Structure formats: structure tokens, C-alpha cells
Amino acid sequence: MKVDYSKYEFLSVEISENIMSITLDRPAKYNAIHHELHRELADIFYDAAIDDSVSVVVLTGSGKAFCAGGDLQAMQDHANSSGVTGHYLSSVDAKRIVFGMLDLEKPIIAKINGPAIGLGATIALFADIAYMADHAVIADPHVKVGVVAGDGGAIIWPQLIGYSRAKEYLMTGDSIPAKDAGRMGLVNHVLPAAELDDAVDKMARRLADGPYDAIRWTKTAVNIGLRQLAHSILDASMAYETVTLRSATHKEALQAFADNREPTFKGL
């Protein structure tokens, strides 16, 4: 089935010889995810699923970052205009992003060309194979803005690096340099930035030229457990996230962001 990708404004989509490249395209904002980009991410993997010209998907970011996570400025602006926090990004779209990636039978390769933060880390880690530039960092710092890591991090991080280590990074929000991310198995490959494109292109080509049904249904079989986990965890984790998005701690974090200072959570 042919798909019209011209509807996407903040995702750049290119297809060449059965390989689809999806690029988060807000470079001036380090590809931070606002409402419109969130909605596009909720749609794109379903479009890729029905596009007969696509065998493999490569997901990356434009400019210096993979994705800076949720757009705090957009969240602050919405909170100021509406008078409430926690109503900016749709929970329906959040679920569609995670399940869109898990349900897509075609392999997804994440090309982490720069920092992958928050929801950016989540979508990078839900890819099937992740390549990371050696200068990049990855983190899920939801807690640093007073919010539960509810958009998928609570599902995927423990599966990749174990529960104890995942809880440490999710509860502190600390950044992980590429070398350490590779060493602990959070990503598959860490390479100099100059080698990243070529390595990803070779893997994408290898998968696209391989036994298509065997590859895509192997992904499907492996993802059964992840889909079950997502169904059992995601509603609860997003509910907890929504509660904290509407809390005094998150309000303080947004105000601190606006004031260009560190938030103060003690006593809240």
C-alpha cells in the first residue's frame, strides 16, 4: 500500500531501496518532542507497517541530537496558557508510539547520533538494534523534572540492563556516556561519529536483503514478551506519570526551567 508522507511536518521521511529513514526534524530544539511531533511519532510506525515498499526502518535525529525528550518550553507555554500542568502530551499517542514500534514487524534500527534523553531514550531503546555515536549520551531524567518515567522507560530499561541498574538510572536520571551504554548492553554498538552512518547503512542493507519473512517474524516472536510487559505496565506507569505531571514538583520544575535555575523539590 502506498503512503503519503507529505503530511509529516516534524519527521523527515525518505525511502530508498526498501529502507525507510525517519529523522526527527526539529534541530533548533535538539529534536525535542512537542505536541505535533508526538502525534507524528504516534502515526509513523503504523504507516511504515502498511507500506509495501518498506522492509527496514532507520530512526535518527537531525542536527546535533537524536532527541532531547519532551519539549519543556512547549509544556511551560501550555501550562501558562491553560493554567494547569500535565495536559499537554496525549497518553493515547504515548501508547501508540510504544506499541507502534513493538507491533511493527519490520526491523527498526536506532542511529543515535547525539544525546537521547527522556522519551528520546525510550524510542531509541525500543528499536530492535541501536547504534550510538561515541560522543553521545543517553538518559531518562523524568525524575529531574518531578515526573515518573512512565512513557516506556520502566518497561525497556530493566530488560536491557537488569532491574537494579535500571532503577538506579531511572531514579536518579543520570546520563550514561556511550562507552558505558555499550558496555552494559543498553545499546548494541558504539562507534566514532564518522563511522556511524556507514555502519547503520550496512546493517540496514543486510536486513533488507535478507530472508524477509524469517527476519520480521523473528522480531515478532521475540517481541511477544515485550508486548506482554507493555500491556501489563504501560497503563499504570503512564497513570503515575500523569499524576506527577499535575503535581507541585513538576510545577516547580517548569518554573525553575523558566527561571533558568535548578528546581527545589524538598518539602513539596
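Is Asp213 buried, partly exposed or exposed, and what is its relative accessible area? Asp213 is partly exposed, with a relative accessible area of 36%; buried means under 20%, exposed over 50% and partly exposed in between, with a 1.4 Å probe and protein chains only. The model is predicted: local features need pLDDT of at least 70, side-chain atom pairs count only at pLDDT 80 or more, and totals for chains, interfaces and linings use all residues. Residues are numbered from 1 along each chain as its sequence is written, and side-chain values use heavy atoms, with hydrogens and water left out.

**Salt bridges**
- The count comes to 16 salt bridges, each a side-chain nitrogen of Lys or Arg within 4 Å of a carboxyl oxygen of Asp or Glu.
- Asp213 pairs with Arg216, their closest N and O atoms being 3.0 Å apart.
- Both residues lie in helix H9, 3 residues apart, about one turn of the helix; helices (H or I, at least four residues) and strands (E, at least two) are DSSP runs, numbered from the N terminus.
- Arg216 is buried, at 17% relative accessible area.

- Asp43 and Arg96 form a salt bridge (2.8 Å, N to O).
- This pair connects helix H1 (residues 35-50), which holds Asp43, to helix H3 (residues 91-103), which holds Arg96, across 53 residues.

- Ser62 occupies the loop between strand S3 (56-61) and helix H2 (72-82).
- With 12% relative accessibility, Ser62 counts as buried.
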